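Reader: I am new to this structure and would like to learn how to read it. Please take the features one at a time.

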Amino acid sequence: MKLLTLLLFASLLSIDPSKISKVNKIKSDAKKAYLAGDMKAAIEKYKFLVDSLHVDEEEVAMNLANAYFNVNDTTSALNRYQPLSVSGDSKINSWANQQMGVVANRQGKFEEALNYFKQAMKAEPNNEQARYNYEMVKKKLEEKKKQEQKNKDNQDKKDDQKKDQKDQKDQDKKDQNKDNKDQKDQKDKKDQQNKDKKDDQKKDQKDKQDQKDKEQKEKEQKEKQQQEKKEQQNKDEKNKPNPSQSEKLKDMKISEEKAKMILEAMKNQEVQYLQQNKRKATKPKDKGKPDW
């Protein structure tokens, strides 16, 4: 007991009374600035206490973290809350976890926020603010999951609609191509039919013309034969002796064929006579002789 008293007394003797006074003065000024809402001044004073004067008090560290939180310096706030979140003081532990949960919630890290709020309630079951925040974030997370599922369903539905539209478009294109092919085939078939019809008409016209030419040729041939026959008949008729001559020939005992030969010889003599006279007429006349 005496030893403990001596150690305590020695500890008190080692503390500089002027430093204690300075620390208390700065702590008082920092608290006043914090309560007045002057977070910039509060941060400056609390930071000086912790970093320069090496004041290792959780209450001071908590106030510094809260001051950073209030000016939205979340990085500095989290750095100060982190060591306090494992404090042996249940209230400080709970508050540090709660504030870290609030930061995570603001950043949209709902799963992380729920974990911090759970730790806050575990450290201090009576922390109703942590419980309220937990339920609020839990509901928000459930709504987010529902919204994400809804968005996924909507996206799946849109994807299905796009796929259906694409399939329909492909089918329409396929049907259109088929219709175009059918129309082309029908057109080609019709064109071929028209061509065949024209070819048939041309062939019929040619056949008719050929038949007409053939008939005309046959007609001309027939007319020619008839003309030749008629000329032969006329010739035969001309050469045929008349009845009186026939009787005379009979009396003379000369056949008609022989008579024809005689007539033919007489005609030839007559032609020769005429030709000789014609040659004589071409000779120059003697001017000293009369024309008779």
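Reader: How are Asp185 and Lys181 placed in helix α8, and how many residues apart are they?

Author: Helices here are DSSP runs (H or I, at least four residues), numbered from the N terminus. Asp185 and Lys181 are both in helix α8, four residues apart, about one turn of the helix. They form a salt bridge, with the closest N and O atoms 3.1 Å apart; the term means a side-chain nitrogen of Lys or Arg within 4 Å of a carboxyl oxygen of Asp or Glu.

Author: A caution on the source: this is a predicted model, in which local features need pLDDT of at least 70 and side-chain atom pairs count only at pLDDT 80 or more, while totals for chains, interfaces and linings use all residues. Residues are numbered from 1 along each chain as its sequence is written, and side-chain values use heavy atoms, with hydrogens and water left out.

Reader: Is Lys181 buried or exposed?

Author: Buried means under 20% relative accessible area, exposed over 50%, and partly exposed in between (1.4 Å probe, protein chains only). Lys181 is at 52%, so it counts as exposed. Asp185, at 36%, is partly exposed.

Reader: Which residues do salt bridges with shared partners join into one network?

Author: Lys47, Asp51 and Arg80 are joined in that way. The structure holds 17 salt bridges. Another of them links Glu148 with Lys144, at 3.9 Å between the closest N and O atoms.

Reader: What is the nearest side chain of opposite charge to Glu124?

Author: For charge, Lys and Arg count as positive and Asp and Glu as negative; His and the chain ends are not counted. Glu124 is in the loop between α7 and α8. It is buried but has no salt bridge, and Lys91, the nearest side chain of opposite charge, is 6.2 Å away.

Reader: How many residues does the largest nonpolar core have?

Author: In soluble globular proteins, nonpolar side chains tend to be buried together. A nonpolar core is a set of buried Ala, Val, Leu, Ile, Met, Phe, Trp, Tyr and Cys residues joined through side-chain atoms within 4.5 Å. The largest one has 41 residues, and Tyr46, Leu49 and Tyr81 have the most contacts inside it. Among the helices that each supply at least two residues of this core are α2 (17-35) and α8 (128-239).
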